[in-house]
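Here are some friendly notes to read with the structure open beside you. Take the points one at a time and find each part as you go.

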Number of protein chains: 2
Amino acid sequence: MRNIALILMYNGTAYHGWQVQKTEVTVAQTLERGLSMVCGEPVKCTGCGRTDAGVHAEHYVANFRTSSRIPVDRIPFAVNTHIPEDIVVKAAYEVAEDFNAIGSCIRKEYTYRIYNSRIKNPFYVDRAYFYPKRLDEQVMDRAARAFEGTHDFAAVRSVGTNVRSTVRTIYYCHVTRNGELLELKVCANGFLYNMVRAITGTVLYAAEGKLKPEDIPVILDSGNRTLAGPTAPPGGLYLTRVWYEDERLNG
Amino acid sequence: MRNIALILMYNGTAYHGWQVQKTEVTVAQTLERGLSMVCGEPVKCTGCGRTDAGVHAEHYVANFRTSSRIPVDRIPFAVNTHIPEDIVVKAAYEVAEDFNAIGSCIRKEYTYRIYNSRIKNPFYVDRAYFYPKRLDEQVMDRAARAFEGTHDFAAVRSVGTNVRSTVRTIYYCHVTRNGELLELKVCANGFLYNMVRAITGTVLYAAEGKLKPEDIPVILDSGNRTLAGPTAPPGGLYLTRVWYEDERLNG
């Protein structure tokens, strides 16, 4: 059996997240159906993370094992003809036998986009969080940077998945503005459930004056989810980069 | 009766164009329904142009007459709560009694977007024309500029609407590249049916070597639609600017 890694992009609007579910359409299941047609056998994928319903990916890595002999460089085109246009396989590589898209992932970067304008923009619906009140990106950036480092992030996650530890390392977390579009970028060795959306909600609380950047270490120490800001909506969230030892997969 | 002009944006993907039709959902009809609720009386809109099914607008002007006393600056918010998110009223102004969004329009600019990359991008579906073969934007720009000036544009329109004359003046027509995104911008005192999409198809023919930029004057002189390139698909087309004597409406 060869072990194949895929690099994907997807617009998550139409999907109930990555992970296969019994009743809802997901990215993994849509991709697996296409891969099964191309490989001529049932295929199961492992993804680099469980993106939620409505969350997007500009660079996502998944892997699967197959006995099909299809040349690896033919896989992207072949699969793309069998899946809807909102999911695109950009590249495929044969990888080491023990490679696992989630277990082998060293770090990931998510980007949360906020459309900050008095008037809604129809081209950002489901693609950025519309926030009509003027936001101060400098306050937001200071709040974002307060999350950097190795901390227990229990205060900024939603309960619902079992994890051994809620300690993670955030390598960078910052906010930049480009016209009406604000971007919060956060890179970590791992993310808890809804962690980026809770960090974004907390950074927005800082912009609204509901907390101060210097409160964030206290909130993290408390481990109390109710002290942090709300979970920002999914449509603004994108998985934008991933890192592996196999550098062909990085982007 | 007051005469009110609206500035709109819309994502045209879900609509059968601007113009009210009997059987299909259009932008005008969706907007009129919202305006009628806000004004408490039936409202009919005049738009600045008939965009086709799937065509978008970043800046569109429409006007309507009403005896409603709603303050004009309340109209955008009020209407936006009654229409879907893919249409947004950005501003409203009371205008001269004889103002007419199409008749008073001095010139318009359309932008045609091409996503030129080997691999499709799920975020540009229905928003840019996907063209996988590398395009030479310099050849395209030379071809585009050949359309500038006052000409009979019968060779680059689709038959289907009655117009007195097929002579128009193109003030500028050029192509620029920004990474994988190509933009053809064309500004004219008026446009024939499908004219921008036919110009785009012809400029793409030049990039493909199927004709030369210097053939374009000959094609225009011939008035023969079959000598020009095909009509490019609607999803790449945006109305981006309009000009009126009432400068509040320009953008």
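1. A term to begin with: two strands pair if DSSP finds at least two bridges between them. Helices (H or I, at least four residues) and strands (E, at least two) are DSSP runs, numbered from the N terminus. This is a predicted model, where local features need pLDDT of at least 70. Residues are numbered from 1 along each chain as its sequence is written.

2. Start in chain B with strand β8 (residues 167-178), which is joined to β9(B) by eight antiparallel bridges. One place to look is B:Y172, whose bridge partner in β9(B) is B:C187. The two strands make a hairpin with two residues between them, and B:G179 in the turn has a positive phi of about 65°.

3. Now find strand β5 (residues 107-115) of chain B, which pairs with β9(B) in the antiparallel sense, again over eight bridges. Here B:K108 has B:A188 as its bridge partner in β9(B).

4. Is β9(B) enclosed or open? Seven of the eight residues of this strand (residues 181-188) are buried, so the rest of the structure largely encloses it. Buried means under 20% relative accessible area, exposed over 50%, partly exposed in between (1.4 Å probe, protein chains only).

5. Move to chain A and helix α1 (residues 27-39), which has 13 residues and reaches 18 Å from its first C-alpha to its last. Its buried residues include A:L31, A:L35 and A:V38. Just after the helix, A:G40 takes a positive phi of about 70°.

Terms used
Chains lettered and ligands numbered in written order. Predicted model: local features only at pLDDT ≥ 70, side-chain atom pairs only at ≥ 80, totals over all residues. Heavy atoms only, no water. Expected span 1.5 Å × (residues − 1).
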